[in-house]
Amino acid sequence: MPKAASVRGKSPITFGGFIALMILAFFWIGTQPFVDLTSTESSYNPISQVIILVLTILAIGQGLRIKSPINWSHYTPVGMLFVWLLFSALAADDTALALRNSIIQALFMINALLLTILPRTQSEFARVTCIAVLLALVLSYFGVVFLPGLSIHQTGDIFEPMLAGLWRGHYMHKNAASAAMVITIFFAIYCYSNGSRVLALLLAIGAGFFLIHTGGKTSLATLPAILVLAWMVEKFAWIRIPLIVGGLLVFNFITIGSAFSPGIYDFIASLGIDPTFTNRIDIWRIAMRVASESPITGVGLHTFWGSYPVLYGGGHIETWAYSAGSAHNGYLDVAMNIGIPGLLLVVYIFILRPIRHIQPALDSGNDTALTRLFLRIWLFVLVGSCLESQFFARGGVHWFLFMAAVFGLQFQAKARLVPAPSKQINPGAMSVHA
């Protein structure tokens with residue numbers, strides 16, 4: 001097993017690594033940090049779509065110049081998912097919006113895939129990712145110190161004034177910030193394993209302190225659970241399917257079931273747990289109703305929550321839940337947006353297939369620390385999606401890194417690092433072959 005590469009490598013970052021850094025900066029920071037939540041003006045920014053298109057073209061161009069491990073036949077299910085997104089969009093009431101959202105998601109997937117191969121060495125990948133994480137963390141603290149009105153939830157926030165005082169940094173919401181801080185801690189552990197212990201400690205302490213101030217109880221409770229779960233999944237192969245698949249089924253049954261079954265509701269309350277899961281059950285009832293009305297194609301990706309008919313159609317008089325930005329359950333949101341067939345594709349691509357790649361990735365002889373990083377991110381988003389809508393998130397770094405982790409686990413399982421030919425410009429690089 002090769003020794004993990006140090007983050008503090010002396011070789012310069014290659015052009016591919018620079019593109020990877022720009023991609024990560026786009027998803028970690030975005031083009032519109034520090035959004036004013038007290039304003040009713042739309043935060044829609046067409047510049048971000050231009051940037052992601054340019055980054056995609058650059059990433060594809062660089063990816064074609066290097067020997068990559070991509071065997072496109074392995075990504076047939078991903079292609080099927082994109083086709084289904086388009087089919088669902090064509091059946092949606094707002095076809096144009098659903099098509100645009102589906103195409104953007106395709107660009108996200110392409111960038112997540114190429115992120116894992118553009119850096120040419122383990123050391124370069126570690127440096128690029130840790131630089132991006134550090135920049136995002138510093139920017140969040142900069143906002144809290146110098147732009148508190150745009151980095152801390154205010155009583156004047158339009159939709160959730162009850163969150164006043166909770167930190168969100170440069171992110172749109174405290175939940176997005178808390179998820180990003182958990183992932184930052186995962187990267188801190190990865191940096192520590194790769195030799196940059198001072199940087200790792202700074203990232204871990206900084207992200208941990210910020211996480212506490214976001215008030216993200218779900219993320220805070222999930223962090224230690226994921227570390228233990230990832231260890232169990234790594235050590236005990238026989239437990240993977242029942243623990244991951246069975247655990248997700250049970251968790252979703254209990255949480256969503258509380259919105260429809262008085263028995264489940266009372267049972268959860270008897271355990272001292274909020275049976276409404278912070279007022280989510282009203283949202284789940286709406287999402288379940290919408291999903292049942294269009295079970296095959298769904299309503300179209302990201303066309304329901306926040307739409308004019310939903311916000312101003314009078315439903316908010318019945319319940320505030322119509323103003324929610326999502327179903328607050330990723331699996332339910334997928335079923336609502338792209339139907340049951342779309343949900344089945346998501347389960348197969350992002351849950352069942354990665355489970356098959358865990359053991360080959362651990363046995364491959366590739367960097368075990370990197371495999372563990374991918375494993376932790378993957379598990380964190382799977383579990384977190386039971387209480388938050390993280391699948392196909394429009395601006396969430398957690399969804400992008402989740403896709404990168406899924407593709408990364410496959411590369412770790414199916415690819416091998418071999419010495420690059422000496423005629424290459426960067427003689428210290430490593431090529432990856434399936």
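Are Phe350 and Trp399 buried or exposed? I find that both Phe350 and Trp399 are buried, where buried means under 20% relative accessible area, exposed over 50% and partly exposed in between, with a 1.4 Å probe and protein chains only.

I note that this is a predicted model, in which local features need pLDDT of at least 70 and side-chain atom pairs count only at pLDDT 80 or more, while totals for chains, interfaces and linings use all residues. Residues are numbered from 1 along each chain as its sequence is written, and side-chain values use heavy atoms, with hydrogens and water left out.

I searched the whole structure for aromatic pairs and got 23; rings of Phe, Tyr and Trp (its six-membered ring) pair if their centres lie within 6.5 Å, with planes under 30 degrees apart stacked, over 60 edge-to-face and the rest tilted. Tyr331 and Phe391 are edge-to-face, because their ring centres are 5.0 Å apart and their planes stand at 75 degrees. Tyr331 lies in helix H15 (residues 330-363) and Phe391 in the loop between helix H16 (368-384) and helix H17 (397-414), so this pair ties together parts 60 residues apart in sequence; helices are DSSP runs of H or I with at least four residues, numbered from the N terminus. Tyr331 is buried at 10% relative accessible area, and Phe391 is buried at 4%.

I then checked Phe350 and Trp399, which pair edge-to-face at 5.4 Å centre to centre and 70 degrees between the planes. Phe350 sits in helix H15 and Trp399 in helix H17, 49 residues apart. One aromatic cluster includes Tyr331, Phe350, Phe391 and Trp399, together with Phe392 and Phe402.

Last, I looked at helix H7 (residues 174-193), where 16 of the 20 residues are buried, so the helix is largely enclosed by the rest of the structure.

Terms used: Helix = DSSP H or I, 4+ residues; strand = E, 2+ residues; numbered from the N terminus. Expected span 1.5 Å × (residues − 1).
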